[in-house]
Amino acid sequence: MDKSWISLPKWDKRYGAGVMSFLEYAMDNANGNTIFYCPCTKCQCRSDMYRFPIDKVWQHLRSNGFWEKYTCWLYHGETSSGGPHDHGQFSETGSASTSNDPTTTFINDMFPYESGVCAQGQYMPDPVQPFPRAVNTAGIEKYNKLLAFQQTPVYPGCQKTVLESVMDVMRIKVETKSTVKAVDEYLQYTASMLPNGHRLPTTHRKVRCILKDLGLSYIKIHACRYDCVLFWGKDPEGNDLGLPTI
């Protein structure tokens, strides 16, 4: 396949035609996936954070140009040395492959469209539309952020990822009925024993910020200390400690 267009200026018609042929090649080899690694000069297929719908990849390539070193399209179906590329491994960040672990599967189940795979494990069909097309990327941004936490080790060489660690912390909090203050102290003490540059959150608030995109947030309401009745609403003075509602 001719790839000489990669180094051409963005305004060159041959560059535009080459981008279109690349996108068609990527879709032909997508195996049902609807989001793709972006090979523009800024994204460079670095991790799953840089996967987007085909129309956004097209916009990036039009605006930023094509990454000239990406001449063997391993992330888009082309094989090297007779074998397919493992998209789950990124040696630059030291992350291990997470393509089949339970946490990644859980994320894919929470975001079936954004991951390109439906909850039953079947690939979702790619809509037959010419690109570019408008796509709501809010869910994709959440999905990519969670995948980044799942592919980032707590520190280089660690077998636990950031997302796995914070999920374990919240599980322990619930099972032991620990307070927020206890969790903060536990995280800070654990962090003090880790190598410099570790990625473990050091407060309960930071843990919640990571997990909120999984839909695990909650709302506080006032309750009787003896668990006999729940209080909701406001009192006549407008205070949050209102009268119980029935």
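In this predicted model, ring pairs join Trp5, Tyr15, Phe22, Tyr25, Phe66, Trp67, Tyr70 and Trp73 into a cluster. A search of the whole structure gives nine aromatic pairs. One of them is formed by Trp5 and Tyr15, whose ring centres are 5.9 Å apart and whose planes stand at 65°, so the pair is edge-to-face. Trp5 belongs to the segment before α1 (13-28) and Tyr15 to helix α1 itself, so this pair ties together parts that are ten residues apart in sequence. Both partners lie inside the buried range: Trp5 has a relative accessible area of 4%, and Tyr15 has a relative accessibility of 3%.

Another pair of rings is that of Phe22 and Phe66, with centres 5.2 Å apart and planes at 85°, so this arrangement is edge-to-face. Phe22 is located in helix α1, whereas Phe66 is located in the loop between α2 (54-64) and α3 (102-110), so parts that are 44 residues apart in sequence are tied together. Phe22 and Phe66 are both buried.

Charged side chains are also placed over aromatic rings. Lys3 lies over the face of Trp73, at 4.5 Å from the ring centre, and Trp73 is itself one of the residues of the aromatic cluster. Arg51 lies over the face of Tyr37, at 5.5 Å from the ring centre.

Helix α2 contributes a set of buried residues, namely Ile54, Asp55, Val57, Trp58, His60, Leu61 and Asn64. The packing partners of the buried residues in α2 are α1, β1 (35-37) and β2 (51-53). Just after α2, a positive phi of about 90° is found at Gly65.

The packing of α3 with α6 was examined next. Two packed helices are described by the angle between their axes and the distance between the axes. For α3 and α6 the angle is about 90° and the axes are 10 Å apart; the two helices are therefore roughly perpendicular to each other. On the α3 side the contact involves Thr103, Phe106 and Ile107, which meet Leu163, Glu164 and Met167 of α6. The residues of this contact comprise four nonpolar, one polar and one charged.

Helix α6 spans residues 162-176 and includes Ser165. The relative accessibility of Ser165 is 12%, below the 20% cut-off, so Ser165 counts as buried. When neighbours within four places in sequence are left aside, Ser165 is in contact with Val154, Lys160 and Leu200.

Backbone angles were also considered. Most residues other than glycine have a negative phi. Gln44, a residue other than glycine, has a positive phi near 55°. Gln44 is placed in the loop between β1 and β2 and counts as partly exposed, at 26% relative accessibility. A positive phi of about 55° is likewise present at Lys177, which is not a glycine. Lys177 is part of the loop between α6 and α7 (180-192), and with a relative accessible area of 73% Lys177 is exposed.

Definitions and conventions: Residues are numbered from 1 along each chain as its sequence is written. This is a predicted model: local features need pLDDT of at least 70, side-chain atom pairs count only at pLDDT 80 or more; totals for chains, interfaces and linings use all residues. Side-chain values use heavy atoms; hydrogens and water are left out. Helices (H or I, at least four residues) and strands (E, at least two) are DSSP runs, numbered from the N terminus. Buried means under 20% relative accessible area, exposed over 50%, partly exposed in between (1.4 Å probe, protein chains only). Contact means heavy atoms within 4.5 Å. Rings of Phe, Tyr and Trp (its six-membered ring) pair if their centres lie within 6.5 Å; planes under 30 degrees apart count as stacked, over 60 as edge-to-face and the rest as tilted. A charge sits over a ring if NZ of Lys or CZ of Arg is within 6 Å of the ring centre and within 35 degrees of the ring normal. Axes are lines fitted to C-alpha atoms, for helices over the stretch in contact, and angles run from 0 to 180 degrees between N-to-C directions. Angles under 35 degrees count as roughly parallel, over 145 as roughly antiparallel, 65 to 115 as roughly perpendicular and the rest as oblique. Ala, Val, Leu, Ile, Met, Phe, Trp, Tyr, Cys and Pro count as nonpolar, Asp, Glu, Lys and Arg as charged, and the others, Gly among them, as polar.
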